[in-house]
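Trainee: Could you walk me through this model before I start annotating it?
Mentor: Gladly; have a look at it first.

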Amino acid sequence: MTSILKTVQLSHKYSSSWAIRDINLELNQAGVIGLLGSNGAGKSTTMNIICGVLNQTEGSVFINGIDLREDPELAKQNIGFLPQNPPLYTDLTVDEFLTYTAELRKMEKHTIREAVNEAKEKVGITHFSTRLIKNLSGGYRQRVGIAQAIIHKPKLVVMDEPTNGLDPNQLIEARKLIKEIAQERTVLLSSHILSEIHLLCREVIMIEGGRIIFSDSMDAFNNYVQPHSLLVRFENPPSVADIQAVHGVNKVEFLTGKQARVFFEGDEEIAERIIDAGGKQDWRIREISLEKGMLDDIFKQLSSKSLQ
Ligand SMILES: Nc1ncnc2c1ncn2[C@@H]1O[C@H](COP(=O)(O)OP(=O)(O)OP(=O)(O)O)[C@@H](O)[C@H]1O
């Protein structure tokens, strides 16, 4: 089977330093795939190369089996791109802009009108067809950006931090839309926010320092990343020393007078031991929950595992 996207030993150097090294990706199915990494990890560089905006220093990109360097025009017919800052012409109306992007894609003239209408309908902006883009809210501008990325019905849509800067309501709508779009195609989406990737993606590729340090399903990711802290809320808070006396606890931080983050090593049965100690010493525990690590901690865990 031909992969929708395949990268082979993709590496890129800006002047003297490598931004990404040996990125090997292979995507075959519809759905949202997350590219997760902290700021500067190499997400935009990877995406810009995949979309043909930046020429790699080394390695190859195949879109639907077509080498992007050998036949960029044909390869790009299968890609839609929503860059971090979508290049919208804000003095054009939605219709004018989408027609222009369809022409840029070299779509056949007689197909453009229908394609514009379909894309508008898909992202829910038909009622703004004749509105100037500069008079749209951030959330609707984002939709125009998504419409231009799907207007030619590509098999692969690449979105660089698409939910950045949206307000909570816009966020919910954008996530819904991205999931809908991914029902019939592959969406590769980047974010530095773990919870965003959790909400949207079925697979996750984690990149750090320009290298892939994890690539598997979201479920596998959840199993791989072991929790190592608990949030505990007490009605009758004990001292730090009292909590540290519980076997396995290695650090305690009080976040408020009644809530503490308890770091532990080893098994998750620590929660039972804390509840046990709390019962005996009348801490009156009101809430206790395992925390998945913060992104920085997860990077450290995964980096050290990948070096083992
Ligand atoms: N035009 C450039 N010239 C020189 N170095 C660059 C350039 N663009 C990016 N870099 C460097 O390459 C590395 C990867 O950057 P990249 O933008 O790909 O990361 P990112 O994961 O997308 O981060 P962010 O979320 O902050 O955009 C970083 O160290 C960055 O400083």
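What follows is a conversation about the sheets, the helices and the ligand shell.

Trainee: What should I know about the numbering and the kind of model?
Mentor: Residues are numbered from 1 along each chain as its sequence is written. The model is predicted, and local features need pLDDT of at least 70, side-chain atom pairs count only at pLDDT 80 or more, while totals for chains, interfaces and linings use all residues.

Trainee: What is the strand order in the sheet of six strands?
Mentor: That sheet is open, with the order E6-E7-E8-E3-E9-E10 and mixed pairing; strands here are DSSP runs of E with at least two residues, helices are runs of H or I with at least four, both numbered from the N terminus, and two strands pair if DSSP finds at least two bridges between them.

Trainee: Which strands stand at the edges?
Mentor: Strand E6 (79–82) and strand E10 (211–217) do, each with a single partner strand, so one side of each has no neighbour in the sheet. The twist averages 15 degrees from one strand to the next, where axes are lines fitted to C-alpha atoms, for helices over the stretch in contact, and angles run from 0 to 180 degrees between N-to-C directions.

Trainee: How many bridges join E3 to E8?
Mentor: Six bridges join those two strands, which run parallel, and Leu35 stands opposite Ser190 in E8. E7 and E8 also pair in the parallel sense, over five bridges, with Leu156 opposite Thr186 in E8. Strand E3 (residues 31–36) is joined to strand E9 (residues 203–208) by four bridges, again parallel, and the bridge partner of Ile33 in E9 is Glu203.

Trainee: And which strands does H6 touch on that sheet?
Mentor: Helix H6 (residues 168–181) packs on the sheet by touching E3, E7 and E8, and its direction makes about 145 degrees with that of E8; contact means that the C-beta atoms of two residues, placed from the backbone, lie within 7 Å.

Trainee: Is E8 enclosed or open?
Mentor: Six of the six residues of E8 are buried, so the strand is largely enclosed by the rest of the structure. A residue is buried if 20 or more other C-beta atoms lie within 10 Å of its own, exposed if 12 or fewer, and partly exposed in between, with C-beta atoms placed from the backbone. Both faces are covered, with Thr186, Leu188 and Ser190 buried on one side and Val187, Leu189 and Ser191 buried on the other.

Trainee: Changing topic, why is H5 called largely enclosed?
Mentor: Because 10 of its 13 residues are buried, among them Tyr140, Arg143 and Ile146. What covers the buried residues of H5 includes E6, helix H3 (94–104), helix H4 (109–123), E7 and H6.

Trainee: Which residues of H4 are buried?
Mentor: In H4, Ala115, Val116, Ala119, Lys120 and Val123 are buried, and the buried residues of this helix pack against H3, H5 and H6. Just after H4, Gly124 takes a positive phi of about 75 degrees.

Trainee: Where does Ile133 lie, then?
Mentor: Ile133 lies in the loop between H4 and H5, and it counts as partly exposed because it has 19 C-beta neighbours inside 10 Å. Ile133 and Leu92 are 41 residues apart in sequence but 6.2 Å apart in space, C-alpha to C-alpha. Not counting residues up to four places away in sequence, the residues that Ile133 touches include Leu88, Tyr89, Phe97 and Val144.

Trainee: What about the sheet of four strands?
Mentor: That one is also open, ordered E2-E1-E4-E5 with antiparallel pairing, and its edge strands, strand E2 (17–27) and strand E5 (66–67), each pair on one side only. Two bridges join strand E4 (residues 58–63) to E5, and Ile63 stands opposite Ile66 in E5.

Trainee: Last one: which residues are around the ligand?
Mentor: They are Tyr14, Ala19, Gly37, Asn39, Gly40, Ala41, Gly42, Lys43, Ser44, Thr45 and His192, a residue being near a molecule if its C-beta atom, placed from the backbone, lies within 6 Å of it. The largest share of this shell, three residues, comes from helix H1 (residues 43–50).
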